[in-house]
Each structure stands twice: as structure tokens, then as C-alpha cells.
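Me: I'd like to learn how to read a few features from a model. Can you walk me through this one?

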Amino acid sequence: PAGNFGLVVQASGYIIWKRQGLALAEGERKDLGVIKLDGSTGSVKGTVFGPDGKGMKAFVGTIIRGRNGGRKYARTDASGVYQMTDIPAGKVMVFAHIGKGSLGASKTKNIQLKSGETKQCDFYFGKGGRTLSGKVTQADGTPLTNAKIKAAGYISKPKFKLSSGLA
């Protein structure tokens with residue numbers, strides 16, 4: 001049927017080629033000519049370490065900047081080791097995430113990846129050093145025992161301190 005289409009071409013060792021908005025009428029044929037794939041890729045590998053200094057399971061990924069933008073993802077093995085290949089050379093942000101969703105913790109590193117290079121990128125998650133505390137009461141000060149509290153997100157360099165109870 002007629003419509004607008006997106007096309008993705010990928011081959012191991014090459015940067016993914018994408019084209020959006022290819023309009024085709026019913027029964028139309030369109031010659032895209034020669035599609036040249038760029039082989040300027042590298043790899044990122046490393047280990048994610050937990051508070052005990054041992055490798056741990058994590059979700060790892062890249063966010064690629066510039067003309068070859070995109071994302072790649074991987075999971076570490078049981079010993080915390082990961083590797084991602086066919087990442088476009090250039091500026092890349094590598095991240096690791098442990099835990100579940102917004103209650104987990106993430107770390108990022110910005111790297112410059114050269115064509116043919118394998119960059120080592122390890123992540124260290126130390127023991128927690130942040131604590132939230134307080135008590136939940138009714139307006140008259142009587143403690144509530146059935147209140148639910150949820151914390152989400154994180155502050156990398158807090159500029160304030162909670163000195164009295166939680167609001």
C-alpha cells in the first residue's frame with residue numbers, strides 16, 4: 001500500500017544507515033541508488049563493580065552523539081562483564097544502571113571512541129551514603145502506621161540538608 005516508510009540497513013562492523021519519510025505511491029518503485037555503509041566503528045567493554053568490589057549484573061548502554069546518533073544496549077554477565085560492538089566512532093555516552101527502574105542507581109561516562117578502537121569503561125557502585133529519615137504523623141502528631149512512602153530519582157551533589165521531618 002501507499003504511504004511513508006522508514007528504512008534501516010545494518011551489517012556487523014558498520015554504522016547503521018537510516019532514512020525516514022520515504023513516500024511511495026501505490027505500486028511505485030523507487031531506486032535508492034548505492035547505499036554506502038560507514039565502517040568507522042569501535043567497541044566498548046568493561047566490568048560493573050558492586051560495593052563489595054566484585055562484578056555484578058547490570059544494564060549497560062550507549063547514547064551516540066552526532067550524525068550517527070542512536071543507542072545500543074547490553075546486559076552484563078553474572079560476573080559484571082559486558083561488551084558492545086559496532087558503535088559509531090565519535091562522542092559516546094556510556095551508562096550503567098543497577099537496581100529496578102527509578103529506584104535503582106545509574107552512572108555515566110563520556111568517551112571519545114576512535115574507529116577500530118576497543119575502549120575499556122568500568123563502573124564502580126559504592127556503598128550507599130545517602131539516607132532519608134523522618135516520621136509520618138497525623139496533623140495532631142499521632143504517628144501513622146499505614147503510610148506509604150516512595151523515593152525516586154537521585155541528586156548527585158545535593159546542595160541542601162533535610163533537618164526536620166519529612167513533609
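Reply: Leaving aside neighbours within four places in sequence, Thr41 touches Gly13, Tyr14, Ile15, Asp86, Ile87, Pro88, Ala89, Lys114, Ser115, Gly116 and Glu117. A caveat: this is a predicted model, where local features need pLDDT of at least 70, side-chain atom pairs count only at pLDDT 80 or more, and totals for chains, interfaces and linings use all residues. Residues are numbered from 1 along each chain as its sequence is written, and side-chain values use heavy atoms, with hydrogens and water left out.

Me: Is Thr41 buried or exposed?

Reply: Buried means under 20% relative accessible area, exposed over 50%, partly exposed in between (1.4 Å probe, protein chains only). Thr41 has 10% relative accessibility, so it counts as buried.

Me: How many salt bridges does a search of the whole structure find?

Reply: The criterion is a side-chain nitrogen of Lys or Arg within 4 Å of a carboxyl oxygen of Asp or Glu. The search finds one: Lys119 with Glu117, whose closest N and O atoms are 3.7 Å apart. Lys119 is partly exposed at 24%, and Glu117 is partly exposed at 21%.

Me: Which residues have the most contacts inside the largest nonpolar core?

Reply: Such a core joins buried Ala, Val, Leu, Ile, Met, Phe, Trp, Tyr and Cys residues through side-chain atoms within 4.5 Å. The largest one here has 18 residues, and Val44, Val48, Tyr82, Val94 and Phe123 have the most contacts inside it. Phe123's contacts beyond four places in sequence include Val48, Tyr82 and Val94.

How values were computed. Contact means heavy atoms within 4.5 Å.
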